[in-house]
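Please look at the sequence and the structure below before reading on.

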Amino acid sequence: MDKVIYALGHSNYDLEKFLNLIRKYNIDCIVDIRGIPYSSFNTQYNREPLRAFLKRENILYIYMGNEFAVQRNNTNLYNEKGYPDFKKVILDKDFLNGVERLKNGIEKGFTIGILGAKQDPINCHRYILVGRYLNNIGLNLKYILDDGSLKTHEELEEDLLNKFFKNRDQMTLEEIIRGDSYKNELLEKAYEESNYIIAVRFEHIDKT
């Protein structure tokens, strides 16, 4: 499946900028994966007005928070510390059904844009949870950045490593010899830490 799936965050953009980002890549279907598709500060991205706006622009809006959000109804997907474990979430039937829906959308000819809230992909579950899984199963995923440029999942992994391991260029001889094995260990730690940060942030929102 070679067709690109795009992913972007709405941040605090005005709708004109948001639309320009979508139009630049001919996206005709927005898949909203936010668990809480409402904002006190950026009300233009509340689910109903956003759907109406996109409809006027002939862009399909589909809400898939039940499939892809951080918050999960199944308590078995939470770990002993009380937050969703993304390694469990990607095995959940609702999540996997969502993946099949995305594939079906692509096969029907839609150019899909997965919508999260955060501007920077590495701070959002569209990258850490959904994007990682889609990339691992071989889908062609590209992330739209604030300036309208694109990055691949692998390119953003370098940003993720730099976020958590600022001194990783100071490797020992053993680490240099291990090469990719050492890098993969660091990546796994970075994903796990991101899982914790993102999940705790959303759990806090749910309780207020």
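## Strands 5 and 6

In this predicted model, Lys-142 stands opposite Thr-152 in strand 6. The two strands concerned are strand 5, residues 140-144, and strand 6, and their pairing is antiparallel, with 3 bridges. Helix 7, made of residues 153-164, packs on the sheet and touches strand 5 and strand 6. The direction of helix 7 makes about 85° with that of strand 6.

Strand 5 also pairs with strand 1. These two run parallel and are joined by 4 bridges. Here Val-4 stands opposite Asn-140 in strand 5.

## The sheet as a whole

Strands of a sheet pair through backbone hydrogen bonds, either parallel or antiparallel. In this structure 6 strands form an open sheet with mixed pairing, in the order 3-2-4-1-5-6. Strand 3 (60-63) and strand 6 (150-152) stand at the edges; each has a single partner strand, so one side of each has no neighbour in the sheet. On average, neighbouring strands of this sheet are turned by 30° against each other, direction ignored.

Helix 2, residues 47-56, packs on the sheet too, where it touches strand 2, strand 3 and strand 4. Its direction makes about 155° with that of strand 3.

## Strand 4 and its partners

Strand 4 pairs in the parallel sense with strand 1 (residues 4-9) over 4 bridges. In this pair, Gly-9 stands opposite Gly-116 in strand 4. Strand 2, residues 29-32, is also parallel to strand 4, again with 4 bridges, and Asp-32 stands opposite Leu-115.

## Buried strands

Why is strand 1 described as largely enclosed by the rest of the structure? The reason is that 6 of its 6 residues are buried, where buried means under 20% relative accessible area.

In a regular strand the side chains alternate between the two faces of the sheet. On strand 1 both faces are covered: Val-4, Tyr-6 and Leu-8 are buried on one side, and Ile-5, Ala-7 and Gly-9 are buried on the other. Strand 4, residues 112-116, is mostly covered, with 5 of its 5 residues buried. Both of its faces are covered, with Ile-112, Ile-114 and Gly-116 on one side and Gly-113 and Leu-115 on the other.

Methods
Residues numbered from 1 in each chain as written. Predicted model: local features only at pLDDT ≥ 70, side-chain atom pairs only at ≥ 80, totals over all residues. Heavy atoms only, no water. Buried < 20%, exposed > 50% of the residue type's maximum accessible area, 1.4 Å probe, protein only. Pairing = 2+ DSSP bridges. Axes fitted to C-alpha atoms, helices over the stretch in contact; angles between N-to-C directions. Contact = heavy atoms within 4.5 Å.
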